Amino acid sequence: MPTLETTVDGIRLPNPFIIGSGPPGTNANVCGKAFDEGWGAVVIKTISLDSTKVVNVAPRYARLRTDKSREIFGWQNIELISDRPFNVWLDELKRLKDKYPDGVVIASVMEEYHKDRWIEIIQRVQATGVAGFELNFSCPHGLPERKMGAAMGQDAGIMKEVCGWVMGAAKVPVWAKLTPNVTSIAAGAEAALSAGCQGISAINTILCVMGVDLETLRPEPTVEGYTVPGGYSCTAVRPIALRMVKECAEVIRDKFAGGRSLSGIGGIETGRDAAQFILLGADTVQVCTGVMKLGYGCVKAMKDEMLSFMAKHKFEQISDFKGHSLRYFTTHADLVRRQAESKATAAANAKAGVVTKDTDWQGDTFVKQSDALASG
Ligand SMILES: Cc1cc2nc3c(=O)[nH]c(=O)nc-3n(C[C@H](O)[C@H](O)[C@H](O)COP(=O)(O)O)c2cc1C
């Protein structure tokens, strides 16, 4: 019987399905709901020391749907980090710990480019008993105007410096959440890991413009007639997320001897989606928009789907298939070489009359073909 239980950076998880930072982890009540429904861990909505600087607008989401079934596959948000006061969060994190002593809470934090502020937020949040941290270097909108979020994640040097500050203060595992809005996510992964972070999470949302209303000629989501580019998520981003997770996994394999962790994020809605991220090197998977579409209960089907995938392939635990499919990536030149070799072998077989499938049998070369298949 396969098991979903897994231990990542010393944190024991009942399963690898984690609530991704965003509305589904935005206060203690909803975090509790996630534990009640069976999620393996919750990454809370990103918090900062001074919430008064965080002012959200509405509407702040825009969605793309398929023509016929109207299913949502693309989701833009221009939401900021949590606008709830830091002290309220500290109380709620403590209450969560009391109510769910085994519940794994990862605190997503973000601060301005000041060493003291980063150390303060790590120390004060750590005192509540959280299991780990996720450093948000990746929100693509709003916060970069204050040189936070993706503005830091897009500068590997700054990110490495900030990770170093955090690692000097953190006593629990730290994951750096990377932005996909860069030329090389591998460079970001290497920067964070070489500063000592135990793991990385990828990806945050992809900077986008959802569309322009052809009646009003205004881009969406429209706030008082105006907008800003936002972050794109949901199933449409999954292929891009898979590619970036693969690149992060290769950094961990090649530069850190496989000794760091990876949390895969982006468009995951089923256990089969999740299995693909693990096959490409993820230890855990995070779901944010999927929960906003389907509700917290979707984790039950995800777990069942993952378990049946594992049973089919006789995998007993997550580590049995983590990173398995990375070996099938190669260079284009190698693909060409392999294809030429395979064509040459087929041609040589045909010439020698070698039967490789039953349709190869020919009446006038039947005896020769029989001979070619005989061992003596
Ligand atoms: C409405 C919304 C709010 C989000 N807020 C945060 C946030 O506060 N911090 C963060 O690190 N990521 C945030 N994210 C990004 C998600 O955690 C996730 O990285 C991204 O949406 C891709 O995964 P998904 O397709 O499962 O949503 C947010 C995403 C959405 C849709």
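Reader: Where is the place of P59?
Author: P59 sits in the loop between β4 (41–43) and β5 (61–65). Strands here are DSSP runs of E with at least two residues, helices are runs of H or I with at least four, and both are numbered from the N terminus. This is a predicted model, where local features need pLDDT of at least 70, side-chain atom pairs count only at pLDDT 80 or more, and totals for chains, interfaces and linings use all residues. Residues are numbered from 1 along each chain as its sequence is written.

Reader: What kind of peptide bond joins A58 and P59?
Author: A cis one, with omega about -5°. A202 and I203 are also joined by a cis peptide bond, with omega about 15°. I203 is in the loop between β10 (199–202) and β11 (206–208).

Reader: And what is phi of R70 near?
Author: Phi of R70 is near 60°, a positive value in a residue other than glycine. R70 is in the loop between β5 and β6. Most residues other than glycine have a negative phi, and most peptide bonds are trans.

Reader: Switching to helices. At roughly what angle do α6 and α7 cross?
Author: Roughly 45°, and the axes of α6 (residues 185–194) and α7 (residues 238–255) come within 9 Å. Axes are lines fitted to C-alpha atoms, for helices over the stretch in contact, and angles run from 0 to 180 degrees between N-to-C directions. α6 and α7 are therefore oblique to each other. Angles under 35 degrees count as roughly parallel, over 145 as roughly antiparallel, 65 to 115 as roughly perpendicular, and the rest as oblique.

Reader: Which residues meet there?
Author: I185, A186, A189 and E190 of α6 meet M244, E247, C248, V251 and K255 of α7. Contact is defined by C-beta atoms, placed from the backbone, lying within 7 Å.

Reader: What about α1 and α2, how are they set to each other?
Author: They are therefore roughly parallel: the axes of α1 (residues 28–37) and α2 (residues 86–99) cross at roughly 25° and come within 10 Å. The contact is made by A28, C31 and G32 of α1 with E92, R95, L96 and K99 of α2.

Reader: Ligand next. Which residues come nearest?
Author: S21, G22, S233, C288 and T289, out of 28 residues around the ligand. A residue counts as near if its C-beta atom, placed from the backbone, lies within 6 Å. The elements giving two or more residues to that shell are β6 (72–77) and α9 (289–294).

How values were computed:
Contact = placed C-beta atoms within 7 Å.
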